[in-house]
Structure formats: C-alpha cells, structure tokens
Amino acid sequence: MKAAQKIGKGAEAYAVAVKGLELPAHDPRGFHGMGLEYAVGYRGACHLQHMSMYAEQGMATFEDAGLKSDYIGPSSDDKAEMVLISQNLGVPASSACLCVYVLAGSGAQAFADMIHVVTGWDFKIEDLLKIGAKIWLLMRGMTNLMGARASDDKLPHNVMMPLENGMAAGSVPDMEKMLKEYYDLRGLDSNGVPRKEVLEEAGLHDLAVKLHGA
C-alpha cells in the first residue's frame, strides 16, 4: 500500500499490466530483457510468443539462431537484440501450434527439421526467423491500427521501483536504452509504428498502405 501511495492514486498505481495484460511471474527487475519483452509485446506482458525467458534465464540455448548463452539477467546490455531474435524464433512456434516449452527443450534446428519433415520444404533456421519477423510486424501493425503507440511500450510503475533486498536489489531495467536499441533494430519509428519500408520489405504491402498511406 505504501509503495502505491508513493506513485499516486488511481488504477495505474495498483495495476501490474502492460497494454491491459497482467505480468506473469518473471520479474523484470531481475531479468531486464523480460521487461523489454513485456513492454514491446503486441499482446502486452506475455511470457509466450518469444524465447526471451529461456535464453535470458539460461534454461535453453539458441546459439544456432544467433542468441548468446550467457546473458546477465539484471543488466540492460545486449537485451534489445536478444528480445528481437527471441521473438522471431518464438512467434512461428505459436503459428505452428507448438508450445514454446517444446521449442525450449528441442532447439531451433529441431523446429526447422519438424517443418521440413511435415511439409517437405527445404526449411532452415533463417527461414524461421524471417517468418517470425514478418508475423511480429503484422501483429504489431494491427495493434497500431487499433491505436497502440510508443507511449504504450512501458512497464507499470510498480515494477520500476527497485527492491531493497534479494538477488535483484537495486536493479531496474534501463527502458530508455533498451527501447531505443530495439526500435532501431526492429525498424519502428518514434511512434512505435513499423516503418513503411520495413513493412514493404517483409511483404506486408497492404499493412504499409493502411499505416502510412499509398
């Protein structure tokens, strides 16, 4: 109650949510990449749709997809690229009706092999990542059409208040740093909208027109 009083009255003082979706059990003060993922996620604070949780917490390695194996949880360094790759890898799993827990246990190459076996396509990890980027941009663009903007890419006040003890004591994500790096990598403009040329390159011409005009 005292913490809530410090940041003011009203629902925002108590709600622990991003874009209306409440945070799961992974505290971004201990894992800054999860904080970035929660903030930019098109569904809000979702722990699915990406592999950030597994990569950052050391539960799985995806070096063949471009991720490191030794991320430091309470650090904002190198997290923008980690989140972007983790999204590009995790989003196709949802489209394939494959639980991200299965992907965490099997790995990126095994996922690509599964698609190859089922479809006969010459499918590689880079194909997964490319498709994942396209799906992410599509979903992000749809939320932009419904009004979502950069101002919505933020964590609730409650989890931006440092803890006084524990392994993450004194640690809070550097959201300004991570968001800037992420926007640059993903190709989002200052309003949090995918740039027209980025959408066109991904093959999302109709969405580019709806967001930016002909």
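Start by selecting Glu 37, Gly 41, Tyr 42, Arg 43, Cys 46, Leu 48, Gln 49, His 50 and Trp 136: together they line the largest cavity. Here a cavity is a set of points on a 1 Å grid over the protein atoms alone where a 1.4 Å probe fits but cannot get out, and lining residues have an atom within 4 Å of a point. This one has a volume of about 50 Å³, the space filled by probe spheres set on the points.

A word on what you're looking at: this is a predicted model, where local features need pLDDT of at least 70, side-chain atom pairs count only at pLDDT 80 or more, and totals for chains, interfaces and linings use all residues. Residues are numbered from 1 along each chain as its sequence is written, and side-chain values use heavy atoms, with hydrogens and water left out.

Now pick Cys 46 out of that lining. Is Cys 46 buried or exposed? At 7% relative accessibility, Cys 46 is buried (under 20% relative accessible area, with a 1.4 Å probe and protein chains only).

Next, select Met 51. Beyond its neighbours within four places in sequence, Met 51 is in contact with Phe 62, Ser 86, Leu 89, Gly 90, Val 100, Leu 103 and Ala 104 (contact means heavy atoms within 4.5 Å).

Methods: On a 1 Å grid over the protein atoms alone, a cavity is a set of points where a 1.4 Å probe fits but cannot get out, and a pocket is an open set with protein on both sides within 12 Å along at least five of seven lines; lining residues have an atom within 4 Å of a point. Buried means under 20% relative accessible area, exposed over 50%, partly exposed in between (1.4 Å probe, protein chains only).
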